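Thanks, everyone. Let me put the model up, and then I'll walk through it.

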Amino acid sequence: MAATDPIVLDGFLDEETVPGDLHGSTARFRLTVSPTDERTDEMLLPCGVDDPALAHKVLHEMVPGDQLRVTGYLRLPRTPDEPMGLVVTELELLEPAPQMSDPAAVATAVIERYGPYVCWFDADTSEVEVFTEGGTWVGTAREPNDLGELLEAFEHRQAAGDE
C-alpha cells in the first residue's frame with residue numbers, strides 16, 4: 001500500500017458533527033473505530049470533510065450512533081501541535097443509529113455504544129440495560145460502574161459456548 005492510497009474504515013459517529021467553517025461547506029466529526037471486540041483496539045479518530053456535498057450530508061443527515069464507512073487519507077502531524085486526522089473523500093451510511101420508540105424517553109435516556117455493545121442509560125434509575133449491536137440481550141448492570149464485570153461475564157459465556 002502506497003502512502004497516497006486511500007484507506008477505508010468502518011465505525012460509529014461518536015457525537016454531533018460540527019461545521020468546519022461559517023458556511024457549512026466543510027465539517028468535522030469523530031469516528032469510533034473498533035476493528036475487533038477488544039476494547040483496547042478501539043480508537044477515536046478525528047475526521048474532516050472538505051467537499052461541500054459530503055459536508056452537508058454529514059451535518060444534516062447523520063446522527064451520533066450511525067455506522068459509517070469512510071474513505072480518505074490519513075493526515076499525520078508534522079509538528080507536535082498539529083492534529084492527526086482522516087481527510088474524508090467518501091462517506092457511506094452502513095446502518096442508522098437505533099431509533100427510540102418512546103418520545104418521552106428521549107429526554108430521560110441515552111444510548112451509548114461500547115465497541116460491539118449498545119448500552120441504555122435511563123436517568124430514572126441507576127441500572128444500565130446492555131445489548132450487542134445485533135440485538136442480543138447481554139444483561140443489566142446495577143450501576144454504570146458494573147458494566148465491565150457484566151461485559152466480561154458475557155464474553156466468558158460466549159467463549160465457553162453458552163449463548
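First, a term: a polar contact is a pair of N or O atoms within 3.5 Å; within protein, one must be able to donate a hydrogen and the other to accept it, and residues adjacent in sequence count only if both atoms are side-chain atoms. This is a predicted model, where local features need pLDDT of at least 70, side-chain atom pairs count only at pLDDT 80 or more, and totals for chains, interfaces and linings use all residues. Residues are numbered from 1 along each chain as its sequence is written, and side-chain values use heavy atoms, leaving out hydrogens and water.

Start at Thr 32. Its side chain makes a polar contact of 3.4 Å with the side chain of Asp 14. Thr 32 sits in strand E3, residues 27-33. Helices (H or I, at least four residues) and strands (E, at least two) are DSSP runs, numbered from the N terminus. Is Thr 32 buried or exposed? Buried, because its relative accessibility is 14%. The cut-offs: buried is under 20% relative accessible area, exposed over 50%, partly exposed in between, with a 1.4 Å probe and protein chains only.

Next, the cores. A nonpolar core is a set of buried Ala, Val, Leu, Ile, Met, Phe, Trp, Tyr and Cys residues joined through side-chain atoms within 4.5 Å. The largest one has 19 residues. Phe 29, Leu 68, Val 70, Val 88 and Leu 91 have the most contacts inside it. Elements giving two or more residues to this core include E3, helix H1 (52-60) and strand E6 (85-95). A second, separate core has 11 residues, among them Tyr 117, Phe 121, Val 128 and Phe 154.

Now the sheet. Four strands, open, in the order E7-E8-E9-E10, with antiparallel pairing. Strands E7 (109-114) and E10 (137-141) are at the edges with a single partner strand each, so one side of each has no neighbour in the sheet. Pairing here takes at least two DSSP bridges between two strands. E7 and E8 (residues 117-122) are joined by 6 bridges.

Last, the rings. Rings of Phe, Tyr and Trp (its six-membered ring) pair if their centres lie within 6.5 Å; planes under 30 degrees apart are stacked, over 60 edge-to-face, the rest tilted. How many aromatic pairs are there? The count is 2. Tyr 117 and Phe 154 are edge-to-face, at 6.1 Å centre to centre and 80° between the planes. They lie 37 residues apart, Tyr 117 in strand E8 and Phe 154 in helix H2. Both are buried. Phe 131 and Trp 137 are also edge-to-face, at 5.0 Å and 70°. Phe 131 is partly exposed, because its relative accessibility is 32%.
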